[in-house]
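Here is a short tour of one protein model. Keep the sequence and the 3D view side by side as you read.

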Amino acid sequence: QVRLMESGGGLVQAGGSLRLSCAASGSIFERNHMGWFRQAPGKKRDLVAAIASGGQTNYAESVKGRFTISRDNTKNTMYLQMHNLKPEDTAGYYCNRLGVAWAWGQGTQVTVSS
């Protein structure tokens, strides 16, 4: 069973930046398409950025141009660099593979103050 651990969240002012990390146990990480998801209180969990096993990326319109997803398969780690953060980016952020999800990690909270 793959275990996921997100980190790097925090409290930041609008316009600020954060870099999230997702560490995955197990050697199958590199063969999977991965994504960053976020969930605000009372809302469903949404995919905000995706990266294929080969490195191709895709973004939700709301974060395009501000967020960058990347991965280092040698470290079984995925990243989400977030710039120009907005209050509406406030949410718990989670990583997982696309398709059939592994067990969800604890997530990391991002809070953007106006």
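In this predicted model, strand β2 and strand β10 (residues 108–113) run parallel and are joined by four bridges. One of the bridge pairs is Q13 with S113 of β10. Strands of a sheet pair through backbone hydrogen bonds, either parallel or antiparallel.

Where does this pair sit in the open sheet of six strands? The strand order is β2-β10-β9-β4-β5-β6, and the pairing is mixed. The edges are β2 (10–13) and β6 (57–59), and each of these pairs on one side only. From one strand to the next, the twist averages 25°.

Now turn to the disulfide. How many does the structure hold? The count is one. C22 and C95 form the link, and their sulfur atoms are 2.0 Å apart. The angle about the S-S bond is 70°, and the link is right-handed. The pair ties together distant parts of the chain, 73 residues apart. C22 lies in strand β3 and C95 in strand β9. Strand β9 also belongs to the six-stranded sheet, between β10 and β4 in the order.

| C22 | β3 | residues 18–24 |

Methods: Residues are numbered from 1 along each chain as its sequence is written. This is a predicted model: local features need pLDDT of at least 70, side-chain atom pairs count only at pLDDT 80 or more; totals for chains, interfaces and linings use all residues. Side-chain values use heavy atoms; hydrogens and water are left out. A disulfide is a pair of cysteine sulfur atoms within 2.5 Å. Helices (H or I, at least four residues) and strands (E, at least two) are DSSP runs, numbered from the N terminus. Two strands pair if DSSP finds at least two bridges between them. Axes are lines fitted to C-alpha atoms, for helices over the stretch in contact, and angles run from 0 to 180 degrees between N-to-C directions.
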